[in-house]
Amino acid sequence: MSTPPHRTLGRHDGGLDVAAIGLGCMGMSDFYSGRDDDRSIRAIHRALDLGVTLLDTADMYGIGENERLVGRAIAARRDEVVLATKFGIVRDPDDPTVRGVDGSPDYVRAACDASLQRLGVDHTDLYYQHRVDPKTPIEETVGAMAELVAAGKVRHLGLSEAAPDTIRRAHAVHPITALQTEYSLWSRELEDEILPTIRELGIGLVPYSPLGRGFLSGAITSIDDLAEDDFRRRSPRFAGENFEKNLDVVRVLGELAAEKDVTTSQLALAWVLGQGDDVVPIPGTTRPERVEENVAATGVALTAEDLDRIAAALPEVAGERYDAGGMAAVNG
C-alpha cells in the first residue's frame, strides 16, 4: 500500500504539513463500547506505519484517558506525529454526562499544561478550542492560546465548531491554522458560509466524523448493531424512522462504491478528500484493518463529475447531527 500524499493546513506561519488523512482517537476511550487499549495502540502504530501523521485527541475524551493512551502509543515515535488535542469542554468526573464550556485565559493555560503532562510531550502541534465559550470573548481565549505558542507549548492554533464571525475575530488575534468540524456526505451545512470563510482566510479544514459516525460505512444495518452504552443510540440520525430513512443513503452510496470497485467507506472518504487540498479528514477507528481501508481511500480517484454525481444521487438525510443540547453548542 502506498503512503498517503501530504497536504498543508493553513497558509500562515508556514502552514502545517500533514498526510492527507489523519486518525481520530476519540472512540478508543469514550462514547463507543468495547474499549481495548492494546488494539487501539496497534491501530495507532499501523496508521504511523502507513504514513499517517495527524493524530487527534482531546482532554475531554475519557476525561483525560484518551490523551494518556495516545501518549503511550507515540512515546517512542513522537517525531513521526503531528499531534492535535483540544480543550474547552469540561466534564464532571462524577457524572461525565454533565459538561460545560470554559474558554477563560486561566483555564486555557491550565488545560494545556495538563494535556502536555498526560500526553508526555513538551508541545502539541495543533491546539484547538473544542467548543466556543459564550461567556468569554473569543479574543481573550485566542489571546491566551497565542501565549502558548510564544511559550513553545503549542505550534499552531485551531478552532472546532465555530461560526464565521467567531472565526474572523479569532483569526484577527492570531492566525488560525485549522477549523475542525463535522463534514461528510450527510453533514454538508458548512458549505454555505463556513467553508468560504475559512478559505478566504487561509484556514485548513479538518473534518471529523467523515463517515457519519460509522453509518456511512454500511456496517450498521440495525440499531441492534450498537451496544446499549453506545452514544449513537441517542443521536437523532440513528433514531426510529430516521434510521430507516438513512439506510437508503447508505444503500445508494454502496451501489456507487460498487461501480468504482471500492468499499462504501472508501468512497465516502474519497468524496471528502475530493473537496479540496486544504481538507484533511480524521476518520476514527480502533482497528488496524480499518486504518488500512481508510488510508487506501487516498488512492481513490474521483473526477469533478464523480463528486457531483455522488452528492446528487444520495437521498436527503433525516435528523439533526446532534440532539438539541449538542446542536446548541456548535457553530458558536
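A: Happy to! Keep in mind that this is a predicted model. Let's begin with the pocket and then move on to the helices.

The lining of the second largest pocket is made up of four nonpolar residues, one polar residue and five charged ones. This pocket has a volume of about 210 Å³. Ten residues line the second largest pocket, and those closest to its centre are Phe31, Arg91, Thr97, Arg99 and Arg234. If you are looking for the element that gives the most to this lining, find strand S7 (residues 95-101), which supplies three residues.

Now for the helices, taken as pairs. Start with helix H3 (residues 105-119) and helix H4 (residues 138-150), whose axes lie 8 Å apart and pack at an angle of about 35°. The crossing in which H3 passes H4 is right-handed. On the H3 side you will find Pro105, Val108, Arg109 and Cys112, and they meet Glu140, Thr141, Ala144, Met145, Glu147 and Leu148 of H4. Sorted by class, this contact of H3 with H4 holds six nonpolar residues, one polar residue and three charged ones.

Stay with H4 and turn to its contact with H5. The axes of H4 and H5 cross at roughly 40° and come within 9 Å. With that angle, H4 and H5 are therefore oblique to each other. Their crossing is right-handed. Here H4 brings Ile138, Glu139, Val142 and Gly143 to the contact, while H5 brings Thr166, Arg169, Ala170 and Val173. The contact of H4 with H5 divides into four nonpolar, two polar and two charged residues.

Helix H5 (residues 164-173) and helix H6 (residues 194-201) have axes that come within 9 Å and cross at roughly 15°. Angles under 35 degrees count as roughly parallel, so H5 is roughly parallel to H6. H5 passes H6 in a right-handed crossing. To see the contact itself, pick out Pro164, Ile167, Arg168 and His171 in H5, together with Ile194, Thr197, Ile198, Glu200 and Leu201 in H6. By class, the contact of H5 with H6 contains five nonpolar, two polar and two charged residues.

Key: Residues numbered from 1 in each chain as written. Predicted model: local features only at pLDDT ≥ 70, side-chain atom pairs only at ≥ 80, totals over all residues. Heavy atoms only, no water. Axes fitted to C-alpha atoms, helices over the stretch in contact; angles between N-to-C directions. Helix = DSSP H or I, 4+ residues; strand = E, 2+ residues; numbered from the N terminus. Parallel < 35°, antiparallel > 145°, perpendicular 65-115°, else oblique. Left-handed = near helix turned anticlockwise from the far one by under 90°. Contact = heavy atoms within 4.5 Å. Nonpolar A, V, L, I, M, F, W, Y, C, P; charged D, E, K, R; others polar. 1 Å grid on protein atoms, 1.4 Å probe; cavity = no way out; pocket = protein on both sides within 12 Å on 5 of 7 lines; lining within 4 Å. Points joined across faces, edges and corners; volume = space filled by probe spheres on them.
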